[in-house]
Amino acid sequence: MIVAGIGFRRSADPGEIVALVERAVADCALTRGELRGLATLAALADAPAFREAARRLGLDALAVAERAVAEASEGIVTHSARSFSAHGVGSVAEAAALGAAGPGARLVLPRIASATATCALARGIGAPA
């Protein structure tokens, strides 16, 4: 299972999030069909841009609980001071992807960024390499 984690500013447009996910998938030579969900922190999951991006991508919108984010923190490789200040984690995208993909998940793609959004991909345990 591969999950796309998303971090974003409230001003992000759903089209920008969709384009960023598509770029991430292409960068990893994956297909959109390999994605099983679009994840973000529970505190951001009700944002219209996030919900609409998930709908456009045909993915479940996943809200990652604070506990799962904390457990995923050791797998984060990007450390943004802005993200840490706002959400207590070095990368919202990486934490969301890892947290949603489950225990033992690994990053397939560390955080990439656009003007107002970030995206990371994680593969859950038991998913083909």
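**Sheet, helices and pocket in a predicted model**

V3 has G37 as its bridge partner in β2. The model is a predicted one, so local features require pLDDT of at least 70 and side-chain atom pairs pLDDT 80 or more, whereas totals for chains, interfaces and linings use all residues. Residues are numbered from 1 along each chain as its sequence is written, and side-chain values rest on heavy atoms, with hydrogens and water left out. Helices (H or I, at least four residues) and strands (E, at least two) are DSSP runs, numbered from the N terminus.

Strands count as paired if DSSP finds at least two bridges between them. The sheet is open and holds 5 strands, in the order β3-β2-β1-β5-β4. Its pairing is mixed. β3 (61-64) and β4 (106-113) stand at the edges with a single partner strand each, so one side of each has no neighbour in the sheet. From one strand to the next, the twist averages 25 degrees. Axes here are lines fitted to C-alpha atoms, for helices over the stretch in contact, and angles between N-to-C directions run from 0 to 180 degrees. β2 (residues 35-41) and β3 run parallel and are joined by 4 bridges. A39 has L62 as its bridge partner in β3.

Two helices were examined against the sheet. Contact means heavy atoms within 4.5 Å. Helix α1 (residues 14-27) packs on the sheet and touches β1, β2, β4 and β5 (117-123). The direction of α1 makes about 40 degrees with that of β5. Helix α5 (residues 92-101) lies across β1, β2, β3, β4 and β5. α5 runs at about 145 degrees to β1.

Burial was then considered, with buried meaning under 20% relative accessible area, exposed over 50% and partly exposed in between (1.4 Å probe, protein chains only). In α5, 9 of the 10 residues are buried, so the helix is largely enclosed by the rest of the structure. The buried residues of α5 are V92, A93, E94, A95, A96, A97, L98, G99 and A101. G102 follows α5 and has a positive phi, near 100 degrees. β1 is mostly covered, with 7 of its 7 residues buried. From β1, I2, A4, I6 and F8 point one way. V3, G5 and G7 point the other way.

F8 also takes part in an aromatic pair. A search of the whole structure finds 1 such pair. Rings of Phe, Tyr and Trp (its six-membered ring) pair if their centres lie within 6.5 Å; planes under 30 degrees apart count as stacked, over 60 as edge-to-face and the rest as tilted. The ring centres of F8 and F50 are 6.1 Å apart and the planes stand at 5 degrees, so the pair is stacked. F8 lies in strand β1 (residues 2-8) and F50 in helix α2 (residues 48-57), 42 residues apart. The pair thus links distant parts of the chain. F8 and F50 are both buried.

L57 is also found in helix α2. L57 is buried, with a relative accessible area of 8%. Leaving aside residues up to four places away in sequence, L57 touches V18, V21, E22, R32 and L38. L57 and A113 are 56 residues apart in sequence and 18 Å apart in space, C-alpha to C-alpha.

Two loop residues were also examined. T116 sits in the loop between β4 and β5. T116 counts as buried, at 16% relative accessibility. Residues up to four places away in sequence aside, T116 touches G7, F8, R9, S11, A12, D13 and E16. A29 is found in the loop between α1 and β2. A29 counts as exposed, at 70% relative accessibility. The phi of A29 is near 55 degrees, a positive value in a residue other than glycine.

The largest pocket has a volume of about 350 Å³. On a 1 Å grid over the protein atoms alone, a pocket is an open set of points where a 1.4 Å probe fits, with protein on both sides within 12 Å along at least five of seven lines; lining residues have an atom within 4 Å of a point. Grid points are joined across faces, edges and corners, and a volume is the space filled by probe spheres set on the points. The largest pocket is lined by 18 residues, of which F8, R9, R82, S83 and T118 are the closest to its centre. β1, α4 (81-87), β4 and β5 each give two or more residues to the lining. The largest share, 4 residues, comes from α4.
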